[in-house]
Amino acid sequence: MTAAQTGDGDAYEQLLRELDRWLRGYYARRLPGPAAEDATQDALLAIHNKRHTYQPSRPFGAWAMAIARYKWVDRIRDASRFAALSLEDDIAIEDHGEAAISAAALDDLLGRLKPAQASVIRLVKLGGLSITRASGVTGQSAALVKINIHRGLKKLSALVS
């Protein structure tokens with residue numbers, strides 16, 4: 001990416017080919033076929049459009065992974081918004097009502113935090129990223145990530161009480 005940012009077209013083409021291969025595998029494990037293809041294209045476009053924001057001093061993998069993950073979440077949100085079933089379809093499904101309500105409540109609570117706090121809580125506490133990786137993804141120092149997690153969890157505790 002660093003070479004591509006300096007205008008090396010060959011390096012940029014190679015980067016896009018490698019990202020395409022990686023993104024296809026990433027989304028194939030998480031989304032159905034057509035949605036995986038669409039997510040791959042969305043992520044490639046986002047990486048292309050945001051390539052100027054990449055800082056060579058930071059890990060490229062974490063930067064690309066963050067974009068891929070956000071595009072995956074966008075696909076899931078889109079699918080949940082626009083999925084429709086006929087009332088006549090006799091489909092046996094498990095009741096996920098509690099999980100959905102909990103997820104909506106958690107999303108609402110995180111929405112009440114400062115964006116920097118909500119972001120690192122999602123990455124570290126919900127997404128399982130390390131402090132170091134979350135630091136690379138968000139651009140915050142490791143110490144600031146820890147502070148934002150602590151303050152965010154404290155505020156969440158107060159909101160729940």
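Predicted model: local features only at pLDDT ≥ 70, side-chain atom pairs only at ≥ 80, totals over all residues.

**Entry 1: Ser 135.** I began with the neighbours. Setting aside residues up to four places away in sequence, I found Ser 135 touching Arg 58, Gln 140, Ser 141, Ala 142 and Val 145; contact here means heavy atoms within 4.5 Å. Ser 135 sits in helix 7. Helices (H or I, at least four residues) and strands (E, at least two) are DSSP runs, numbered from the N terminus. Is Ser 135 buried or exposed? Ser 135 is buried, as its relative accessible area is 8%. The classes are buried under 20% relative accessible area, exposed over 50%, and partly exposed in between, with a 1.4 Å probe and protein chains only.

**Entry 2: ground rules.** Residues are numbered from 1 along each chain as its sequence is written, and side-chain values use heavy atoms, with hydrogens and water left out.

**Entry 3: Ser 130.** I then looked up another serine. Ser 130 belongs to the loop between helix 6 (115–126) and helix 7 (131–138). With a relative accessible area of 36%, Ser 130 is partly exposed. I also checked a distance: 10.0 Å separates the C-alpha atoms of Ser 130 and Val 120, which are 10 residues apart along the chain.

**Entry 4: Lys 114.** Where is Lys 114? I found Lys 114 in the loop between helix 5 (97–111) and helix 6. Lys 114 is exposed, at a relative accessible area of 58%.

**Entry 5: the whole chain.** I stepped back to the fold. The protein chain has 8 helices and 0 strands, and the sequence reads as α-α-α-α-α-α-α-α. Taken along the principal axes, its C-alpha atoms fill a box of roughly 55 × 45 × 20 Å. How many of the 161 residues count as buried? I noted 28%. For contacts between residues at least 6 apart in sequence, 57% join residues at least 24 apart.
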